[in-house]
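Open the model in your viewer and keep the selection tool at hand. This tour goes stop by stop.

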Amino acid sequence: MAKMNMIQALNSAMDICMDRDPNVLVMGEDVGYFGGVFRCTDGLYKKYGPHRALDMPIAEGGIMGVAIGMGVNGLRPIVEIQFSDYIYPAIDQIVSELARLRHRSGGEYFAPVVIRAPCGGGIRGGQTHSQSPEGIFTHACGLKTVMPSNPYEAKGLLIAAIEDDDPVIFFEPKRIYNGPFDGDHDKAASPWNTHPLGEVPEEHYKIEIGKAKVLEPGSQVTVITYGNMVHVAQAAIKNSGIDAELIDLRTLIPLDIDTIKASVQKTGRCVVVHEATLTSGFGAEILSQVQEECFWHLKAPIERVTGWDTPYPHAFEWEYFPSQKRITQAMLRTLESN
Amino acid sequence: MTDKQTVDTAIQYQSKLFVPQASSRPETTPDFSHIEIPSPIASQRPDVLSEAVDIQDLAYGLVRVLGDDHLVAGPWAPDLSADKLLLGLRHMMHVRAFDNRMFKMQRQGKLSFYMKCTGEEAVAVAQGMALKSSDMLFPSYRQQGLLFVREHSIVDMMCQCLSNAKDNIKGRQMPIFYSSKKHNFFSLSGNLATQYSQAVGWGMASAYKGEDQVAVSWVGDGTTAAADVYHALVFGSTYKAPVILNVVNNQWAISTPQSFASTGSTFAARSIGLSIPGIRVDGNDFLAIYAVTQWAAERARKGGGPTFIELYTYRTEGHSTSDNPDAYRGKNEANFWPLGDPIDRLKQHLIAIGQWSEEQHQALQSELTDDITKDWKEALAHGSLDNGPHWPVTSMFEDVFKEMPPHLVKQSKQIGA
């Protein structure tokens, strides 16, 4: 076992896959010589050469178009979108082409592309470097959508994504690249090397896409979240002393409804937390499915704690970023209504 | 601000919103007299590894092989046997017979939609014949001729249009959105231009693996305005991808004339600033198209990177079965088109060199029309659009992912309930 932060874990996943399969390559803006603005592809250019750690022109739509063509011709491109905020020029290629190619061609063609995109706020990035656009992609049919919350799972999920024959969009909460973040921005940042999930095997391993994880067992309320918010919710549960069950979804599509169902049917209460904006966010989908599957077990209205329905503000980052306090209040509200 | 300054500004202000005009509208007489048609001997045929900037005359000229005398002339004349020319003629006539039948079937309510390529059959047929069958095709919606060249089953094409039980894409797309992996023919998309950068990526992968296949893609004149076209050119040139990027300039994008995208220049000229040779070719001259495509394919295989080809042609009929061209362009504008009809021109050439006759032509036409009638009956036997049989309805949940995830399993049970 090695100590790795999330960047090193992702790098290790790509390194292993490139080593095992000459058809795997990483591509995107600044990913080659420079190793990526977040250093996720650091060293791959030197080890595998400029044609496998491929620097690209600044055009996300173009990058995605050529990635699809490469995928159709037998390669397994790992595309880095520098910030998920920059993904919109590639939407047509992702939603209309990549996601639907297998279906529209009757199963004849597919492109096993992985799209890695750093997402989320908490880094003073303002509205163009803080977004969480996963809900746009969960709404498109044919994309697997993944968001890990720690180095160990980031590596296992990314290897699974690279080896998957379906396209996978892989969101990386960049606030926790270097260490878990519980939402308390006044506290000194803690690194991953003091966290148990910063222990990462150096070899190849996979974590199955489509499986959620019960992180904290509990009996009174189920808190469902993913990415950044796993750590904020975990701290809220610990600091409030509420007997809550915490679920880290890890994969949004396909959604592990069985794990959610088992938990909510047990607790009868549910709080959904995500950093993305509220309206039409993925939380709305979770609420619907919980309602469909667990209605007769529910003891309280389901709560949502999310980013507000505004562009991500620069000056009011900590009022926007869902806090431990808001999560605790939501849990308490579900407990109050009996 | 003083009064004097106001007056000066008013005098200097001469900007005016310019709106391009069409070659004709229903109330005007078509006029193509501004089109310069050079002789076949006017164009040079440079070395395939020439620099784009050194051969820019080809982007502004018009490569031709068949002269007004129906004979071959000039440096681009390809080495094509009479048998091969006759095969090209047969394919083009076959496509036209197919289109005519399918159009009629749409009018009779047997198909939901159809698109003909009348007047521009030479584009797909000559280009398809100039390529290797291992080259990968990323077509737009009017290159059905490629499938004829690659000997795709006509009945199966009809079954796709009918979305019946024999449709290889399982009733998932509108008519003509073919896909055939067996024929290296990429799945058609309705989102224009997306295939252009995908072709570049496919070509990049071919080069990455050290293989010699070329990727070839097509867009129309109107679609050149799309960002994907620019992406394809920039990425293709940056990585010297083995690709041929074609613009079929058939003068019309539904009701919008090519002048809304050509910006007063040729389309071929657009690539020169990106170090990609641009070649404008007579799109109704089978031999010229063949020669230019061969040149571009050789350049790509030798590592010279992309070629941008403008096929200068004319869309004789409507965009699709959904529009009436008489509502937006001069009646019979096609009759004014100065570059003729591709089938007629190749026919006249073959007659001129003593390889063909009017009688043989008529006989072939009847034969192909009869074949198509027979094929249509066979296709209908596999199912009609309205009455089926179709694929089972639950098949729509297949192929969204490689393996069906639980939520789709659940939905597929609900639809049958």
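Which hand does the crossing of H6(B) and H13(B) have? It is right-handed. (A crossing is left-handed if the near helix is turned anticlockwise from the far one by less than a right angle, and right-handed if clockwise.)

Before going on, some ground rules. This is a predicted model, where local features need pLDDT of at least 70, side-chain atom pairs count only at pLDDT 80 or more, and totals for chains, interfaces and linings use all residues. Residues are numbered from 1 along each chain as its sequence is written, while chains are lettered from A and ligands numbered from 1 in the order in which they are written.

**Stop 1: two helices of chain B**

Select residues 154-162 of chain B for H6(B), then 358-381 for H13(B). (Helices are DSSP runs of H or I, at least four residues, numbered from the N terminus.) They pack at about 50°, with axes 9 Å apart. (Axes are lines fitted to C-alpha atoms over the stretch in contact; angles run from 0 to 180 degrees between N-to-C directions.) The pair is therefore oblique. (Under 35 degrees is roughly parallel, over 145 roughly antiparallel, 65 to 115 roughly perpendicular, and the rest oblique.)

Now show side chains. Ile154(B), Val155(B), Met158(B), Cys159(B) and Leu162(B) of H6(B) meet Asp375(B), Trp376(B), Glu378(B) and Ala379(B) of H13(B). (Contact means C-beta atoms, placed from the backbone, within 7 Å.) The classes are 7 nonpolar, no polar and 2 charged residues. (Ala, Val, Leu, Ile, Met, Phe, Trp, Tyr, Cys and Pro count as nonpolar; Asp, Glu, Lys and Arg as charged; the others, Gly among them, as polar.)

**Stop 2: two helices of chain A**

Select 229-240 of chain A, H8(A), and 324-336, H12(A). Their angle is about 60°, and their axes lie 9 Å apart. That makes H8(A) oblique to H12(A). The crossing is right-handed. Residues in contact include Val232(A) and Asn239(A) of H8(A), and Ile327(A) and Met331(A) of H12(A). By class there are 6 nonpolar, 4 polar and no charged residues.

**Stop 3: where the chains meet**

Chain A and chain B each put 35 residues into the contact. On chain A, select H3 (60-72), H4 (91-98) and H5 (101-104); each supplies at least two residues. H3(A) gives the most, with 9. The chain A side divides into 13 nonpolar, 15 polar and 7 charged residues.

**Last stop: confidence**

Colour by pLDDT, the predictor's confidence in each residue, from 0 to 100. Chain B has a mean of 96, and 97% of its residues reach 70 or more. The complex gets an ipTM of 0.96 and a pTM of 0.96.

Notes: Two residues are in contact if their C-beta atoms, placed from the backbone, lie within 7 Å.
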